[in-house]
Amino acid sequence: MIERIYIKNHLSFSEVEVKFKKGLSVFTGVSGSGKSVFMSAIMSAFGLSDSEAKVIEADVNYQFEMQEFGIENEEINSFKMTKNNSTRYFINSQAISKKNLANIANEHIKFLSAKQINEFENERFLNIIDTLANDKEHNENLKQLRQINLTYKKIKNELEKIQNDEKQIEELKEFARFEIEKIKNINPKDGEFEELMQIKKMLSKKDKIEQAWNKAENIFEFEHSVIEALNISDIDSSFFEEAMNALRIARDELNIDELDDINVEEILDRIEDLNSIIKRYGSEKEAIVTLRKKEEELQRYENISFEKKNLQAQYSQISEQQDEICEKITNKRISLLSNLQNIINEYLNNLYMQNITLKIEPTNISEFGKDLIILTLNQTSLSKLSSGEINRLRLALIASESKITNSGNGVIILDEIDANLSGKEAMSIANVLVQISQFYQIFAISHQPQLSSKANSHFLIEKKDNLSTIKELTNQERINELARMISGEHISNEAIQFAKELLK
């Protein structure tokens, strides 16, 4: 729920802070006082509307799905919009784009004014009717369908891949054989390239190395003399002897003589071959891994007919299982369809709307089954209904869903949903909203006393000297405001009395 709204420099609102409670909050006031401006400001904090405000803040008690945007939930999430040269949006002090902000907020904030039909998604209807079933066997069938459908999709994808591979199987075989032959012909060993490059380096300096060591050999002729001099001088000669031994080992490890037996051309050719392997595969090790992989691929291509036949058998079996369980689910839903239709129509009657008709048509199988619920109102599809009809239908669906599931969560924003209605019609809408407000926080602009009298919180928006203010009314102030809504600027005793009766 929204716990607090703060607005600064927004059209006629200079600075205002409002705190809200659960349930139904109604905003009233004379035309032009700023009710729609205030409601627009609330939506602006969530990227659902544009605003000229300098600052808008909203504190929301709800855990949003926003991990993918790198934002962590706090106990109370803070939404903020600021506008200087440009408009910027924040959640818990972290900047976010307007589009992403709206996507996050849409999970919790619903504005019932624009003509939208995305809330009439098939999955939502299926969830409602499945909850209405309240049947252990039906729930088990749904659970089993989800598991079977996962296996079905996996087998189907594998079979489709094989079928696609078959179309180019010979080309794939030829490519795999080419890769295998290329690597096998060179037969690389891990680390071989570096070893050969070291040998090549030694070969390029062979003559210079030999000349240098021929000169350095003289040091060994004086070795005995140096040791004798050290001993005579009572100096421990072990350090010198160790150094000379290390020098001999280093000289011998050069294996200069072995270089004479090396075929330089063969070394260079081998380096060139290995270099081509490294350029193509990254390293000798990666080439060896690719070789094994291509050999496995080739083996699979050779056995593809057997694999396809095996998958086709599995696909046929899993499809049959899926069809059988979908049939059970569909039959159960069909048996409940009239119940759901009656519940929705009961609310529609209270909202002075014509009845809807629901029917189930087959669609592509998914983890939800094979059922598509079609809704028509007086033989008119959703896409052809007016905004007013859509909004009342949305209220009826929300109310039906809350009644059936005994749950609901979010904020519903209504803009004069009771406009141009009789008192009797307005009271019916108010009663429906009261039921929904047990699960949802509702903000509603109203010009009708019936809806206003049912509010948990009644806010009056007034404008004076081009500045708008908002305050929550006390019980006596509510009576006066309801009386104004009933009789106009000149409040009669009859209007006062009627207002009191409404509040009872």
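1. **What you are looking at.** This is a predicted model, in which local features need pLDDT of at least 70 and side-chain atom pairs count only at pLDDT 80 or more, while totals for chains, interfaces and linings use all residues. Residues are numbered from 1 along each chain as its sequence is written, and side-chain values use heavy atoms, with hydrogens and water left out.

2. **Confidence.** The predictor's confidence in each residue is its pLDDT, on a scale from 0 to 100. The chain averages 89, and 97% of the residues score at least 70. Strand S4 (residues 55–60) has the highest confidence, at 96, and strand S11 (residues 380–381) the lowest, at a mean of 76. Helices (H or I, at least four residues) and strands (E, at least two) are DSSP runs, numbered from the N terminus.

3. A salt bridge here is a side-chain nitrogen of Lys or Arg within 4 Å of a carboxyl oxygen of Asp or Glu.

4. **Buried or exposed?** For the terms: buried is under 20% relative accessible area, exposed is over 50%, and partly exposed is in between (1.4 Å probe, protein chains only). Arg333 is buried, with a relative accessible area of 1%. Asp371 is buried too, at 3%, and Asp130 counts as buried at 11%.

5. **Other salt bridges.** The structure holds 25 salt bridges. One of them joins Glu361 and Lys359, with the closest N and O atoms 3.3 Å apart. Both ends are partly exposed: Glu361 has a relative accessible area of 32% and Lys359 one of 44%. There is also a network, in which salt bridges that share partners join Arg4, Glu17, Glu57, Asp59 and Lys80.

6. **Aromatic pairs.** Rings of Phe, Tyr and Trp (its six-membered ring) pair if their centres lie within 6.5 Å; planes under 30 degrees apart count as stacked, over 60 as edge-to-face and the rest as tilted. The count comes to 11 aromatic pairs. Tyr62 and Phe64 are edge-to-face, because their planes stand at 80°, with centres 4.9 Å apart; both residues are buried. Tyr152 and Tyr315 are stacked, because their planes are at 25°, with centres 5.4 Å apart. Tyr152 lies in helix H4 (residues 136–167) and Tyr315 in helix H13, so this pair ties together parts 163 residues apart in sequence. Tyr152 counts as buried at 13% relative accessibility, whereas Tyr315 is partly exposed at 25%. Elsewhere, Phe13, Phe20, Phe27, Phe38, Phe443 and Phe459 form one aromatic cluster.

7. **The record beside the model.** An unreviewed UniProt entry lists residues 145–179 and 264–328 as "coiled-coil region". UniProt positions follow the numbering used here, feature names are shortened, and annotations may be inferred rather than shown by experiment. In the model, residues 145–179 are 97% helix and 0% strand, with the end C-alpha atoms 43 Å apart. Residues 264–328 are 95% helix and 0% strand, and their end C-alpha atoms lie 78 Å apart.
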